[in-house]
Each structure stands twice: as C-alpha cells, then as structure tokens.
Amino acid sequence: MTHVKRRLTPGEEFEIMKMVFDKFLWLGTIIMGYGLYVAISKQVNEGLYYVLAGAVILVLFAIFLAREFERLR
C-alpha cells in the first residue's frame, strides 16, 4: 500500500498562512498593549521593554509575510 502525500492548493496554503500569521499579529498587539499598560500604571522603562518586544514580533511578522508572498509568486 503506497501512501501518497496530498498537495494543498494555493488557496488552501494561503488560508493556513493567514491563520498562522494572524496569531503573530495578535500576539504582538497584546504584548504591546500590556507594555503600554505597564508603562502608564507602573514603570515607564519596564513597559517600554514590552512595547519593544511586541514591535519586534510585528517586524518579524512583516518579514515572514513578505518572504512568503515572494515565494508564492
């Protein structure tokens, strides 16, 4: 019995990619929001570290997204 791998259509690949990248977007936004909360309520320096971490996640999101679109073309 041979086991044939099923290939995804470009539309299916795009939908899966959207779901994965959406999680990165939410994660970065939540971390930045928490950092803003910490900066306002507690200590500015500590909050800025969270905001910076969220920004790094969003930049990585943008890089991955651009590379994936270039790969699909």
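Which helices each supply at least two residues of the nonpolar patch?

**Figure 1. Overall architecture of the predicted chain.** The model is predicted, and its chain contains 2 helices and 0 strands. The radius of gyration is 18 Å, well over the 11 Å that the globule rule gives for 73 residues, so the chain is more spread out than a compact globule. Taken along the principal axes, the box filled by the C-alpha atoms is roughly 60 × 30 × 15 Å. Of the 73 residues, 14% count as buried. The accessible surface amounts to about 6200 Å², and carbon and sulfur atoms account for 68% of this area. Where contacts join residues at least 6 apart in sequence, 56% of them link residues at least 24 apart.

**Figure 2. Helix α1 and its buried residues.** Helix α1 covers residues 10-41, that is, 32 residues. The buried residues of α1 are Met-17, Phe-21, Gly-28, Gly-35, Val-38 and Ala-39.

**Figure 3. The nonpolar surface patch.** The patch has an area of about 930 Å². Its residues are Leu-8, Ile-16, Met-19, Val-20, Phe-24, Leu-52, Val-56, Val-59, Leu-60, Ile-63 and Phe-64. The helices that each supply at least two of the patch residues are α1 and α2, the latter comprising residues 44-72. Helix α2 provides the largest share, with 6 residues.

**Figure 4. The salt bridge between Glu-12 and Arg-6.** The structure holds 2 salt bridges, and one of them joins the side chains of Glu-12 and Arg-6 at an N to O distance of 3.3 Å. Glu-12 has a relative accessibility of 29% and so counts as partly exposed. Arg-6, at 64% relative accessibility, counts as exposed because the cut-off for that class is over 50%.

**Figure 5. The salt bridge between Lys-18 and Glu-15.** The closest N and O atoms of Lys-18 and Glu-15 are 3.4 Å apart, and the two residues form a salt bridge. Both residues lie in helix α1, where they are 3 residues apart, about one turn of the helix. An α-helix has 3.6 residues a turn, so residues three or four places apart point the same way. Lys-18 counts as partly exposed, with a relative accessibility of 41%. Glu-15 is likewise partly exposed, at 41% relative accessibility.

**Figure 6. Surroundings of Glu-68.** Glu-68 is found in helix α2. When residues up to four places away in sequence are not counted, Glu-68 touches Met-17 and Phe-21. Met-17 and Phe-21 are among the buried residues of α1. The C-alpha atoms of Glu-68 and Met-19 are separated by 14 Å, the two residues being 49 residues apart along the chain. Met-19 is one of the residues that make the nonpolar patch.

Definitions and conventions: Residues are numbered from 1 along each chain as its sequence is written. This is a predicted model: local features need pLDDT of at least 70, side-chain atom pairs count only at pLDDT 80 or more; totals for chains, interfaces and linings use all residues. Side-chain values use heavy atoms; hydrogens and water are left out. Helices (H or I, at least four residues) and strands (E, at least two) are DSSP runs, numbered from the N terminus. The expected span of a helix is 1.5 Å times one less than its number of residues. Buried means under 20% relative accessible area, exposed over 50%, partly exposed in between (1.4 Å probe, protein chains only). A salt bridge is a side-chain nitrogen of Lys or Arg within 4 Å of a carboxyl oxygen of Asp or Glu. Patches are made of residues with over 30% relative accessible area and no salt bridge: like charges are joined within 9 Å, nonpolar side chains (Val, Leu, Ile, Met, Phe, Trp, Tyr) within 5 Å. Accessible areas come from the Shrake-Rupley method with a 1.4 Å probe; for residues, only the protein chains shown count as cover. Contact means heavy atoms within 4.5 Å. The radius of gyration is taken over C-alpha atoms; the globule rule is 2.2 Å times the number of residues to the power 0.38.
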